[in-house]
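User: Could you take a close look at one part of this model for me, the sheet and a loop residue beside its strands? I would like the cut-offs spelled out as you go.

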Amino acid sequence: MNRTLLLVRHAQALNATPGISDLERQLSERGKRDAVDAGMRLIKKELYPSGIVTSHSVRTTSTARLIASTIGFPETSILQEPKLYNTAEEDYLDVIREFNSTSIVQMLVGHNFTISHVLQRLVGLRTQEMATCAVAV
């Protein structure tokens with residue numbers, strides 16, 4: 001069975017603000033639009049994840065929820081994984097290894113620079129840094 005992994009960098013977030021923790025940073029209006037657009041691109045390519053795992057930050061969770069809503073994935077089925085926040089590549093790879101082996105398409109929503117480095121490791125060559133709300137298949 002062929003399996004597909006979708007790596008998504010969270011959409012554009014608001015700049016850091018005093019009194020608001022990094023975990024609580026919200027998506028910008030552009031970020032919200034970009035997340036919906038990412039969902040539309042997945043529909044056009046007929047890529048429907050059977051599982052979505054995201055960091056527990058507000059910006060990654062919001063990105064995952066907007067994409068899920070756009071593609072018809074139940075938002076209540078999105079799994080939040082705290083070890084995807086501010087962590088090393090190995091933690092991302094551990095989460096990827098834990099994906100349900102019967103799922104054909106899985107999505108992981110995370111943070112840069114880790115997600116870009118994981119992409120480079122998985123494809124075996126140097127790639128560009130993932131832009132906000134970029135989706136790598």
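Analyst: Happy to! Two strands pair if DSSP finds at least two bridges between them; helices (H or I, at least four residues) and strands (E, at least two) are DSSP runs, numbered from the N terminus. This is a predicted model, where local features need pLDDT of at least 70, side-chain atom pairs count only at pLDDT 80 or more, and totals for chains, interfaces and linings use all residues. Residues are numbered from 1 along each chain as its sequence is written, and side-chain values use heavy atoms, leaving out hydrogens and water.

With that in hand, Leu7 stands opposite Ala136 in β5. Strand β1 (residues 4–9) runs antiparallel to β5, and two bridges join them. The open sheet has five strands with mixed pairing, in the order β3-β2-β4-β1-β5. Since β3 (79–80) and β5 (135–136) each have a single partner strand, they stand at the edges, so one side of each lacks a neighbour in the sheet.

Now the loop: Asn112 sits between β4 (105–110) and α4 (114–123). Asn112 counts as buried because its relative accessibility is 18%, the cut-offs being under 20% relative accessible area for buried, over 50% for exposed and partly exposed in between (1.4 Å probe, protein chains only). Beyond its neighbours within four places in sequence, Asn112 is in contact (heavy atoms within 4.5 Å) with Arg9, Glu129 and Met130.
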